[in-house]
Amino acid sequence: MPVALCALSHSPLMGRNDPDPSVIAEVDSALADARSFVADFAPDLVIVFTPDHYNGVFYDMLPPFCVGRAGTSVGDYGTQHGSLDVDAAAADVIARAVLASGIDTALSDRMVVDHGFAQPMQLLLGSITAKPTVPIFINSVGEPLGPVSRIRLLGNAVGHAVSGMDRRVLFLASGGLSHDPPVPRMDTAGAEVKARLIDGRNPTPAERAAREERVINAGRAFAAGTFTEMQALNPDWDRQFLDLLKSGDLERVDGWSVDWFVEQAGHSSHEVRTWIAGYAALAATGPYTVGSTYYRPIPEWIAGFAITTAVPATSSSQEN
């Protein structure tokens, strides 16, 4: 059962508030390497650990985790809209294995995903339907958030479930690293925003456009240093996190508190929960080797932007 992993940041501001062309060229080169890695591995199933940004999951029913057996992309920020090619049978196996491990997860036959799923699929595979997928939602925005140790255990359970499949499986993790974009919070929002956080489905095109324009303008102001309400990026924290993943000592995350994430790297740094789950899934199949790591803080995208690839250590030694 061959497995591999690619984890990368996403940003709705890519192509909308871009940094210097030299930085774009650097990111494009790193993405090209990641695409080659994925193409060479040739997965026939992609398990996508993805957050949501109040486009598909709301406070009317906010689970910590959810495995999708069918799904649709909302197409926000110009990403691909439409039905996903979800492998329902594989999703069911994974959900049952996760529950049997003692980790509670929801199950959806009508999952809605946003750019957190669509953008990495398009960047790496060209389309949200390029390969059969299993989308796994990990709450990274809606407070209160559960302990980080549960994320690792979730990933571990997914990895064990996959180990019994006769498939070439790519774990794809999307989000992070340090960033603090203007995402509304339930405990500080006004009445109108709270109502949208409880049930914000089916916004009008004008409402979605206005929401996206606010984020784009915030990104421009943040890069110019005039939007001081957002927390600064933290390259030191980002690099320490990447070093931890490379070490394979994932149990260290169990001691990280929810508040510590926010203090160090911003509210949306919790999106690295997807990375923790992805690497834990890979680690469940045996020791691994990180093959490549790209990192750069990019204020224009309000993100500590990173891309990593990894394979089982046995695969790496055989290639060498």
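Reply: Contact here means heavy atoms within 4.5 Å. Keep in mind that this is a predicted model.

Start with Phe-137. It is found in strand E8, residues 133–138. Is Phe-137 buried or exposed? Its relative accessibility is 4%. Buried means under 20%, so Phe-137 counts as buried.

What does Phe-137 touch? Leaving out residues up to four places away in sequence, its contacts are Thr-50, Pro-51, Asp-52, Val-57, Pro-63, Pro-64, Phe-65, Cys-66 and Met-111. Val-113 is 24 residues from Phe-137 along the chain, and their C-alpha atoms are separated by 8.4 Å.

Now the sheet. Strand E8 belongs to an open sheet of 8 strands. At the edges are E6 (106–108) and E10 (288–298), each pairing on one side only. On average, neighbouring strands are turned by 15° against each other, direction ignored.

In general, strands of a sheet pair through backbone hydrogen bonds, either parallel or antiparallel. Take E1 (residues 3–8) and E9 (residues 169–174): they pair in the parallel sense over 6 bridges. In that pair, Val-3 stands opposite Val-169.

Helix H2, residues 88–100, lies across E2, E3, E6 and E8. Helix H2 runs at about 40° to E8, the strand of Phe-137. Helix H7, residues 235–247, packs on the sheet and touches E10 and E11. The direction of H7 makes about 170° with that of E10.

Notes
Residues are numbered from 1 along each chain as its sequence is written. This is a predicted model: local features need pLDDT of at least 70, side-chain atom pairs count only at pLDDT 80 or more; totals for chains, interfaces and linings use all residues. Side-chain values use heavy atoms; hydrogens and water are left out. Helices (H or I, at least four residues) and strands (E, at least two) are DSSP runs, numbered from the N terminus. Buried means under 20% relative accessible area, exposed over 50%, partly exposed in between (1.4 Å probe, protein chains only). Two strands pair if DSSP finds at least two bridges between them. Axes are lines fitted to C-alpha atoms, for helices over the stretch in contact, and angles run from 0 to 180 degrees between N-to-C directions.
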